[in-house]
Amino acid sequence: MKHSIELAAKLHCTLVALCSKWSIATEVVKLARQHPAKVIIIDATDLPPAILPRFKTSELLTSTRFNRTTDTSQKRNLGLLLARLYGWRRVVFLDDDITIPDHEDLRMAAWLTEEYAGVGLAIDVNDPESFPDNSVVCHAYRDAGGDQGMFIGGGALAAGSELFSSFFPNIYNEDWFFLLGEKRLRPVTLTGRALQRPYDPFEDRRRAQAEELGDCLAEGLFWLLDAGGSIADTGKLYWAESLKRRRDFIAEVVRMVTAMKGQTRKQLKMLNSLQAARARCVRITPTLCDDYVSAWQEDRERWRGHLDMCQDKHGSTDVEQVLSNLGLASRSRYLCS
């Protein structure tokens with residue numbers, strides 16, 4: 001958080017700190033007072049229910065093994081709502097495990113939103129203090145010798161106002177869905193340099209389980225777009241073919257990891273995670289994928305309607321007035337120094 005506050009001070013922009021779990025709003029207030037920056041600090045734990053709409057994509061997965069309990073998407077959607085209500089032209093999302101060594105890279109990313117809907121900061125995989133941004137299965141593929149790239153991630157992403165009408169569903173790869181237009185990917189690009197804090201993707205097999213549905217859906221949609229199709233071309237038949245490709249890919253990664261030499265302990269952890277991903281994948285049906293895409297498209301309309309309603313009722317350039325209108329006054333602080 002100290003890094004984010006320093007970036008905001010250097011760039012003379014407003015930082016919105018959305019705090020939950022181990023990020024404590026009162027501690028962020030103390031930290032922010034040490035820097036000459038404009039900071040809106042919100043305790044985002046248990047938000048008032050009317051602030052964000054009830055998404056059908058979330059309801060579809062509730063009470064299933066695919067339900068996701070993280071609040072990353074919720075906080076990003078709140079950030080989009082605030083940006084719309086304040087009349088901002090762009091917003092930058094920055095996760096708590098991301099650092100930007102040169103603040104001018106962030107300025108450039110923001111400037112490029114005049115031309116692109118989304119601008120990602122490129123994760124530097126050559127820096128020893130950084131780590132690639134991929135799913136568990138793709139990390140295993142890379143470590144086993146596969147040519148694995150990275151897509152733009154929501155952890156370091158500048159979004160122009162065109163993207164405010166999109167939203168982050170509560171699923172892994174939510175940023176991929178966020179960047180999709182009505183039929184295909186919106187104009188996006190990469191710039192600058194960002195560092196992601198290293199971690200062990202194979203430490204807990206539950207990570208692979210939690211990612212699998214989002215990986216199947218996002219990879220399936222983007223494979224179709226790369227082949228010249230559109231979102232309208234999906235259906236149960238397409239998803240049956242896509243899920244088979246996914247299972248075949250995991251099987252190939254298992255083969256590659258098994259063939260690795262001299263890394264027995266790491267191999268066992270990788271294979272354990274891949275087994276978890278494969279077991280979760282076989283439980284994903286074409287019907288679930290088709291239903292999810294339909295629900296996501298309905299949610300996009302629901303989100304746009306919610307933004308318009310909130311704009312009419314709560315839109316203002318007065319920071320504290322908006323927070324009060326949304327019922328956040330008692331759980332937020334605005335520091336302007």
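Me: Where is Asp46 in this predicted model?

Reply: Asp46 sits in the loop between β2 (38-43) and α3 (56-61).

Me: Why is Asp46 called exposed?

Reply: Its relative accessible area is 65%. Exposed means over 50%, so Asp46 counts as exposed.

Me: What is the phi of Asp46?

Reply: Phi of Asp46 is near 50 degrees, which is a positive value, and the residue is not a glycine.

Me: Which other loop residue has a positive phi without being a glycine?

Reply: Lys21, with a phi of about 55 degrees. Lys21 belongs to the loop between β1 (14-19) and α2 (25-32).

Me: What makes Lys21 exposed?

Reply: The relative accessibility of Lys21 is 53%. The cut-off for exposed is over 50%, therefore Lys21 is classed as exposed.

Me: How do the axes of α8 and α11 cross?

Reply: The axes of helix α8 (residues 205-226) and helix α11 (residues 286-314) come within 11 Å, and the crossing angle is roughly 75 degrees.

Me: Why is α8 called roughly perpendicular to α11?

Reply: Angles of 65 to 115 degrees count as roughly perpendicular. The angle here is roughly 75 degrees, so α8 is roughly perpendicular to α11.

Me: Which residues of α8 and α11 meet?

Reply: From α8 they are Leu213, Leu217 and Leu221, and from α11 they are Leu288, Cys289, Tyr292 and Val293.

Me: How many residues in the contact of α8 with α11 are nonpolar, polar and charged?

Reply: The contact has 7 nonpolar residues, no polar residues and no charged residues. Leu, Cys, Tyr and Val count as nonpolar, so the residues named from α8 and α11 fall in that class.

Technical notes. Residues numbered from 1 in each chain as written. Predicted model: local features only at pLDDT ≥ 70, side-chain atom pairs only at ≥ 80, totals over all residues. Heavy atoms only, no water. Axes fitted to C-alpha atoms, helices over the stretch in contact; angles between N-to-C directions. Helix = DSSP H or I, 4+ residues; strand = E, 2+ residues; numbered from the N terminus. Parallel < 35°, antiparallel > 145°, perpendicular 65-115°, else oblique. Contact = heavy atoms within 4.5 Å. Buried < 20%, exposed > 50% of the residue type's maximum accessible area, 1.4 Å probe, protein only.
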